[in-house]
Every structure is written in structure tokens, then in C-alpha cells.
Amino acid sequence: MHALKISLAGTYAARHTIALFACATLLGATAGAAHAEQKFGFGHPVTPQAIAAWDINVFADGRNLPDGSGTVTQGGAIYAQQCAACHGSKGEGGSGDQLVGGLGTLASDKPIRTVGSYWPYAPTLFDYIRRAMPLTAPQSLNNEQVYAVTAYLLHMNGLVKEDARLDAKSLAAIKMPNRDGFVPDPRPDVPQTSGSREKSASDKPASQSQ
């Protein structure tokens, strides 16, 4: 009889523990649901228009370049007004980076990294200017203005002629001097582009014009 009482007591305790655990789980689930429905009074749903304003990546091959065009002459006027204060009137640098010159210096003791000497792809130059410049008002330039400033910088580096007008097609066709100066990313999760390091005898940057 004594053993039976102990067994019954153990069974009751086990059932009581299970019941308490079930109640705690139910209360936790109820509290979680209430928390999920709680409103904090800030923020708003992201609209497709808001996403589109930031979905502006331009890729190295020119994909996602927008419509529009700009000339070297137009770009010179915009550069003087919006860029020269930081980068110098001739791209020589100041509080901002040097943008012109430095060709052939990358393997030296004092490499000069500029648009002409270092930048690998012309379309990504457009992307950077549109996204980040001018420093005090990024994304304030429209697409035509960005094409124009891009054309002017490429002209100052001897990569397009003075009368050039750049658009998506012509910008993507420009071969930058240092395109083959980069090595593929060895990480296994980074897709590699086949033929990216192939050179052609016709790929002479200084002779390109649009």
C-alpha cells in the first residue's frame, strides 16, 4: 500500500507538471501574438515607388543605365559649379580626390589612383556620381547631368573627344585603361565573369571616341 501511494503521488506530480508546462506554453504563445500585433506608432509601409528610388544599381557591363545623354561641354559647366570646389578646377584634387592623371603610376612607389588611371569600368563611374555626388547633395543631379559630368571626366582623362555625347550604349562601350588591372575575386560564392581578362588589340582607350 505504501508503494502504491508513492506511485500515485508521482503520477499526480508528473501530470501537474505537464499541465503547468502546457499553460505556460499557451500563455507564451498568446503573449507573442499580442506582441506581434502591437503598434509602435512609427514607420510606414515601403511603397514600390520608394524602393524604385533606391534600386538604381548600374553594373560594369552597362546594365541598368538609364535613358538620357550628356555632352562633354555640358559636363564642364556642371563640374565647375558642383565639383571643382572639392576636386579642383582641372581634377587635380583638393579636399576631394584627384580625378585626372596618374596613368602608369599604379606599379610605382607613389601610385596615383584617378578615374583615368585606376577606375575599371565607365558605367560604374556613372553609378557612383549619381549615387554619391555632389557630396553636399547626393542624388540631386538628374540622369542627363550625370551623363554629362561622366563625359567631362572621361574627356579630361583623354578617353573621349571634346565633342562627345554619352548615353547608355556609348558609355558601356568605353574600355578603361585599368580594366585588366584587377584580379578575379577568389571567394567561391562570388560569380566569375568568363573572358573578363581577355585583351584585344583594338582596346586602346586613348583612341576611343563616341
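Among the contacts in the protein (heavy atoms within 4.5 Å) with a separation of 6 or more, 61% are between residues 24 or more positions apart. The model is a predicted one, in which local features need pLDDT of at least 70 and side-chain atom pairs count only at pLDDT 80 or more, while totals for chains, interfaces and linings use all residues. Residues are numbered from 1 along each chain as its sequence is written, and side-chain values use heavy atoms, with hydrogens and water left out.

Followed along the sequence, they give the pattern α-α-β-α-α-α-α-β-α. Of the 210 residues, 29% count as buried, that is, under 20% relative accessible area with a 1.4 Å probe, protein chains only.

Next, select Y79, I129, L154, L171 and I174, which touch the most other members of the 32-residue largest nonpolar core (buried Ala, Val, Leu, Ile, Met, Phe, Trp, Tyr and Cys residues joined through side-chain atoms within 4.5 Å). Then colour α3 (72–82), α5 (122–132) and α6 (143–156), each of which supplies at least two residues of this core; α6 gives the most, with 9 residues.

Now move to α5, where A122, P123, L125, F126, D127, I129 and R130 are buried, and show α6 and α7 (168–172), which are included in what covers these buried residues.

Finally, centre on L171, which, not counting residues up to four places away in sequence, touches L65, A122, P123, F126, Y147, T150, L154 and L166.

Terms used: Buried means under 20% relative accessible area, exposed over 50%, partly exposed in between (1.4 Å probe, protein chains only). Helices (H or I, at least four residues) and strands (E, at least two) are DSSP runs, numbered from the N terminus.
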